[in-house]
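This report describes the fold elements and selected residues of one protein model. Please keep the sequence and the structure in view while reading.

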Amino acid sequence: MTWSYPVGRVFGSEIRIHATFFLLLAWIGAAAWIADGPIAAVANLVFVLALFACVVAHEFGHALTARRFGIATPDITLLPIGGLARLDRMPERPGQEIAVALAGPAVNLAICTLLIVLGARTDLTGAAALQDPAAGFWSKLATVNLFLALFNLLPAFPMDGGRVFRALLALRLGRVAATRFAARSGQALAFGFGFLGLVTGDAVLMLIAIFIFAAAGAESADVALRDMARHLRARDAMITDYEALQPSDTLRGASSTLIRTAQHEFPVVDAGGGLRGILTRTALFQALAEGRDMSPVAENMARGIPTVPLAAPLDAALDALQDSGAPAVAVTEPSGRMIGYITRENIGDLIVICGRDRHR
């Protein structure tokens, strides 16, 4: 996720903080300082940090449960609206998805229960309970954890409750149809959240509504895409009509190639046809803007491009694109010679064409 910064690594997952999270802290601190002075500002900031520590624990509930099923979590990002654990892949078995989804709220319930045992009290009557100076720090934290558990269990896909809902539907409908139905239900609830946030002036609730609406649509499309990709091969999607560059070519020469072709990615190959890297349109424009016209292509290309064989399933290429973050995946012969490449865009084009053919 762009605009996020690493702050450490725990249990093999990198903890990242999004830049907007610092804006949230500044806003909370400034508002409390103006209203009640510096002591209130410090108290509010400490509470928010404790709250987000619980959010991180929630995300690690998902991450550690997913690890039991062989799914890694490269990073966890803190956002103003909560946390986001990025799993390598989502569990496709309904039982596994339910376990991973429920693990997060279970952590919040465990924290709440522990605080109650230690003497804290919970009050879900409204936001006033959290703003009451008479309410103790630990009681407010217990209340928030209880709220987080209950809120995340709402059946608004792709929230935790929505994932449980999708998994239960998948037992009867299949994963694609279940995701489509759960996504539409989640978007309907998101619309309700957005309306409520607009009426009450709650900006955070409106942000959550936007996130749910967009994420539900995106994941539904991704599941449908991957389902179709399982029935296709790398050779069905690869680009074979392209112009390649040599590592020693200059960027000025590459710009001439850009003008006379419609390519956005330019494979850089050696004399034997082996892939050395890929020069992207964006990298080329940036280098030219910096006046490095005569710089060799090899100094500006993206390296570490993943490869797949010609007969590989297309979803393997999708996984390689997602895991590596590379602009393309190269399709190679057993000898290692590159015979084509695959980008996200041409996979999308192929899926659209196949989808239309399927509905004729």
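## Basis of the description

This is a predicted model, in which local features need pLDDT of at least 70 and side-chain atom pairs count only at pLDDT 80 or more, whereas totals for chains, interfaces and linings use all residues. Residues are numbered from 1 along each chain as its sequence is written, and side-chain values use heavy atoms, with hydrogens and water left out.

## The four-stranded sheet

Four strands form an open sheet of mixed pairing, in the order β1-β2-β3-β4. The edges are held by β1 (4-10) and β4 (82-86); each has a single partner strand, so one side of each is left without a neighbour in the sheet. From one strand to the next, the twist averages 25°. Strands here are DSSP runs of E with at least two residues, and helices are DSSP runs of H or I with at least four residues, numbered from the N terminus. Two strands are taken to pair if DSSP finds at least two bridges between them. Strands of a sheet pair through backbone hydrogen bonds, either parallel or antiparallel.

Strand β3 (residues 75-79) pairs with β4 in the antiparallel sense over five bridges, and the two strands form a hairpin with two residues between them. Within this pairing, Ile76 stands opposite Ala85 in β4. Helix α1 (residues 19-36) lies across β1, β2 (13-18) and β3, and runs at about 55° to β2. Axes are lines fitted to C-alpha atoms, for helices over the stretch in contact, and angles run from 0 to 180 degrees between N-to-C directions.

The loop between β1 and β2 contains Phe11. Phe11 has a positive phi of about 50° although it is not a glycine. Most residues other than glycine have a negative phi, and most peptide bonds are trans. Phe11 counts as exposed because its relative accessibility is 52%; exposed means over 50% relative accessible area, buried under 20%, and partly exposed in between (1.4 Å probe, protein chains only).

## The three-stranded sheet

A second open sheet, also of mixed pairing, has three strands in the order β7-β8-β9. Its edge strands are β7 (307-309) and β9 (338-342), each of which pairs on one side only. The twist averages 35° from one strand to the next. Three bridges join β7 to strand β8 (residues 329-332), and these two strands run parallel. Thr307 stands opposite Ala330 in β8.

## Helix α3

Helix α3 (residues 94-117) has 24 residues and reaches 34 Å from its first C-alpha to its last, close to the 34 Å expected at 1.5 Å a residue. The expected span is 1.5 Å times one less than the number of residues. A kink of about 30° lies at Ala103, shortly before the proline Pro105; the bend at a residue is the angle between axes fitted to the seven residues ending there and the seven starting there.

The buried residues of α3 include Gln96, Glu97, Val100, Ala101 and Cys112. Among the elements that cover the buried residues of this helix are α2 (38-68), α5 (137-152), α6 and α7 (175-200). After α3 comes Gly119, whose phi is positive, near 115°.

## Cysteines

The structure holds zero disulfides, a disulfide being counted as a pair of cysteine sulfur atoms within 2.5 Å. The sulfur of Cys54 has its closest cysteine sulfur in Cys112, at 10.0 Å, which is too far for a bond. Cys54 counts as buried at 7% relative accessibility, and Cys112 is buried with a relative accessible area of 4%.

Arg163 lies in helix α6 (residues 160-173) and counts as buried because its relative accessibility is 13%. Leaving aside its neighbours within four places in sequence, Arg163 is in contact (heavy atoms within 4.5 Å) with Met90, Glu97, Ala101, Phe157, Pro158 and Glu219. A cis peptide bond joins Phe157 and Pro158, with omega about 10°. Pro158 is found in the loop between α5 and α6.

## Met238

Met238 lies in the loop between α9 (234-237) and α10 (251-260), and counts as buried at 18% relative accessibility. Apart from neighbours within four places in sequence, its contacts are Leu310, Val331, Ile339, Gly340, Tyr341, Ile342 and Asn346. Met238 and Gly336 are 98 residues apart in sequence and 16 Å apart in space, C-alpha to C-alpha.
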